[in-house]
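I set out to record what I looked up in this structure.

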Amino acid sequence: MTFVLQQDVPVRLDQLARVAAGGEPVELSQAVRARVHASRSVLEKFVADERVIYGVNTSVGGFVDHLVPVSMARRLQENLLNAVATNVGSYLDATTVRAIMLARIVSLARGNSAISPANLDKLIQVCNAGIVPCVPEKGSLGTSGDLGPLAAIALVCAGQWKAFYGGERLPGAEALARAGIEPMALSFKEGLALVNGTSGMVGLGALVYERARRLVETYQLASALSVEGLAGMTKPFDPRVHGVKPHRGQAAVAARLWEALADSRLAVNERDTELTLAGEMDGTAKAGSMPIEDAYSIRCTPQILGPVVDCLDTVGKTLENELNSSNDNPIVLPDEHEVFHNGHFHGQYVAMAMDQLIIALTTLTNLANRRVDRFLDKSNSNGLPAFLCDRDPGLRLGLMGGQFMTASLTAETRTLSVPMSVQSLSSTADFQDIVSFGFVAARRAREVLTNAAYVVAFELLCACQAADIRGAGGLASATRPLYERVRQIVPFLDRDETITDYIEALAADLIGPQVLVAGR
């Protein structure tokens, strides 16, 4: 199956993630090719007319005031790639690198960047061949584009740097040769077009977003399962009461919980509690046998997860808009027959979206952490044994130790929620004087997502353990498939054993798919 980029047809984030993970080949439609050709032709006309254009017959960055003749174009463009390829640290995985390459292809295929059709084809060939450039993950300012990450990719396309191919790490030129691809010969503006954009943070951000969306979707059902495990009440989720507070996400979460718990025999009907307490009244002030309301981590689930759902909608729209944009400088519009110096490479939209995603996932992690505490604390679990240890308590410790991990990851995640999008530092002799750190924010979001998945995985383990103790036969028909999915990975724990592998497997199941192995 081939993924064909069509003129004026936006690429969805789930499509980008699917193609990045699955390795589908990419092609350009004829209409897209015509638009790319037209943009390049307009720029070539401007060069012939000796117009002064950034990155064409001027230098770049802090040398913006220097003129460079087009006869030196190839040297300038290759020097640009080498000069900005300064990222450090571990290499990104193959799926992420492919997502970044795809995001750059989508942007260039808009036909406003004046790259030559031949070199855009070579970028596509490298992507389709399974060549994975070595992209160090740290060092991008995310403002004059993701210069470092994108330069690592562009250098391989030009026969430099290094890449994985066929399971081996090779010099870029050798990887191209083995794949039968000639290196790019860069002309004016082409190196700039390859690196001067937001495709790094968009590619990584799209993958994180898609996995986060899957986690949040599953977590709504996991919340229903936790309500059952904690013998929580269902009436707070009645859609009638949520009609008086018109937040879309809150109403959607409440409706899902209400419907999911409709036939549960473990969740509690509040009216039954009310009748029990009414029967205990005797004209004196005293403690009742049970509370009339649940704690906030149960009762306020729609009000807590609703904003998370709404936030994800906003983040997804922002990323998709950026993915389908021309996000470099200068822009050459063939329809207008004009060139525009601009700041489309600036990553503030994505940086703020990633910060919002981090805050949303941290909120979810906080909620999961509090529910874990209720499951394990005998005084707060509505009749469950301490630490969900139903036999030999004291000799056995039950799930006590799991809370060490969840508390640690929750605390760590909170420190990661300090926004990156406001951390601007000036660079390049004050030419890049306000920067977004969008790629750093996307990396942080990836780490926060992983932490959230671990905490949710342990909450799910607790919920299933509690359901078995109470009698899993009483589970709702909507939550039973999730219970069974967990039980395929984790058995009922009737003895103390190391749960690390169980948590790893559950977390991977929550946010899959698994990333590609580098070089495949």
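Predicted model: local features only at pLDDT ≥ 70, side-chain atom pairs only at ≥ 80, totals over all residues.

I then looked up the largest nonpolar core, which has 148 residues. Phe458 is among the members that touch the most others, together with Leu5, Leu123, Leu194, Val195, Met354 and Leu357. Helix 17 (residues 438-470) supplies the largest share of this core, 20 residues. Another core lies apart from it and has 11 residues, including Val47, Ala73, Ala114 and Phe188.

Next I searched for disulfides and counted zero. For cysteine 127, the nearest cysteine sulfur belongs to cysteine 157 and is 9.2 Å away, whereas a disulfide requires the two sulfur atoms to be within 2.5 Å. Cysteine 127 counts as buried because its relative accessibility is 2%, the cut-off being under 20%. Cysteine 300 is likewise in no disulfide; the nearest cysteine sulfur, that of cysteine 311, is 19 Å away. With a relative accessible area of 19%, cysteine 300 is also buried.

Last, I examined helix 7 (residues 172-179), whose buried residues are Gly172, Ala175 and Leu176. They lie on the same side of helix 7, because they cover an arc of only 95 degrees around the axis. I noted that these buried residues pack against helix 5 (117-128), helix 6 (147-157), strand 6 (162-165) and strand 7 (168-171).

Methods
Residues numbered from 1 in each chain as written. Heavy atoms only, no water. Core = buried A, V, L, I, M, F, W, Y, C linked by side-chain atoms within 4.5 Å. Buried < 20%, exposed > 50% of the residue type's maximum accessible area, 1.4 Å probe, protein only. Helix = DSSP H or I, 4+ residues; strand = E, 2+ residues; numbered from the N terminus. Arc of directions from axis to C-beta. Contact = heavy atoms within 4.5 Å.
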